[in-house]
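Open the model in your viewer and keep the selection panel at hand. We will go from stop to stop.

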Amino acid sequence: MRIVLWLRHDLRVRDNAALYAALRLAQEIIPVVVLEPQNPEDSWGTARYQFVLEAVKGLSNEITSRGSTLVVRHGDPLMELLRVMEQTQADGLYFSRFDDPQAFAQEARVVTEISAMGFVVHTMASGFTLDVEALMDAKGQPYRSWTAFKRHWAATKKPIPHKAPASIPTGEDTKKILTLLTDQRFLSDDTSIDPGGE
């Protein structure tokens, strides 16, 4: 099975639940980051975007050192993911959900459209230590008291972080396709900025 791994806000190979789920099933994993256009109304946009680009370059280095290639695309995530899935003849899509109101609609659109095309779509819990639902009170509401929240947090069992995998399986023919699919502008070196990473 060939799986596209959509890396969104979890730009890391360490403790990445979606990556580990894909490793259990896939013969080949195609790691993909889709950079969305900057929001011109975001006053922090340039600095934040540059920070993300540095994190993507760091992630690309980590994935390359494990025998694979990070595909970097720019644009609408649904359209770019579909393009990668069709070009690589992937069987499915894995990704970690992101607990953010703006992300919910985008995730729902991606899951609905890609599932309708016959692909397997598997979503994992967010990249946080615990899901938001695990930290609600007995009525399913956020805690209003720090002390009550702290007590609940201390009593809740936390998962053990996953170590970074030694390798990410990707065939040589697939790697050639991934290199062609990657928008190299976003991986170019800029020595005026501190290098990014996990």
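Select V4 and L93. L93, in strand 4, is the bridge partner of V4. This is a predicted model. Now widen the selection to strand 1 and to strand 4, residues 92–96. The two run parallel and are joined by 4 bridges.

Next, colour strand 2, residues 28–35. Strand 2 pairs with strand 1 in the parallel sense, over 5 bridges. Pick L5 to see one such link: the bridge partner of L5 in strand 2 is P31.

Is strand 1 enclosed or open to the outside? Of its 5 residues (2–6), 4 are buried, so the strand is largely enclosed by the rest of the structure.

Centre on L70. Leaving aside neighbours within four places in sequence, L70 is in contact with residues including L7, P31, V33, V56, L59 and T182.

**The charged pairs**

Side chains of opposite charge can pair when their charged atoms come close. How many salt bridges are there? The count comes to 9.

Start in helix 2 with E54 and K57. Their side chains meet in a salt bridge at 2.7 Å, N to O. They are 3 residues apart in helix 2, so about one helical turn separates them. E54 is buried, with a relative accessible area of 7%. K57 is buried too, at 11%.

Move to R73 and E80. They form a salt bridge, with the closest N and O atoms 2.8 Å apart. Both residues are buried.

Now select R109 and D76. Their salt bridge has its closest N and O atoms 2.9 Å apart. R109 lies in helix 4 (residues 101–116), and D76 in the loop between strand 3 (71–74) and helix 3 (77–88), so the pair ties together parts that are 33 residues apart in sequence. R109 is partly exposed, with a relative accessible area of 38%. D76 is partly exposed as well, at 27%.

Last stop: R14, E62 and R66. A network of salt bridges links these three.

Conventions:
Residues are numbered from 1 along each chain as its sequence is written. This is a predicted model: local features need pLDDT of at least 70, side-chain atom pairs count only at pLDDT 80 or more; totals for chains, interfaces and linings use all residues. Side-chain values use heavy atoms; hydrogens and water are left out. Buried means under 20% relative accessible area, exposed over 50%, partly exposed in between (1.4 Å probe, protein chains only). Two strands pair if DSSP finds at least two bridges between them. Contact means heavy atoms within 4.5 Å. A salt bridge is a side-chain nitrogen of Lys or Arg within 4 Å of a carboxyl oxygen of Asp or Glu.
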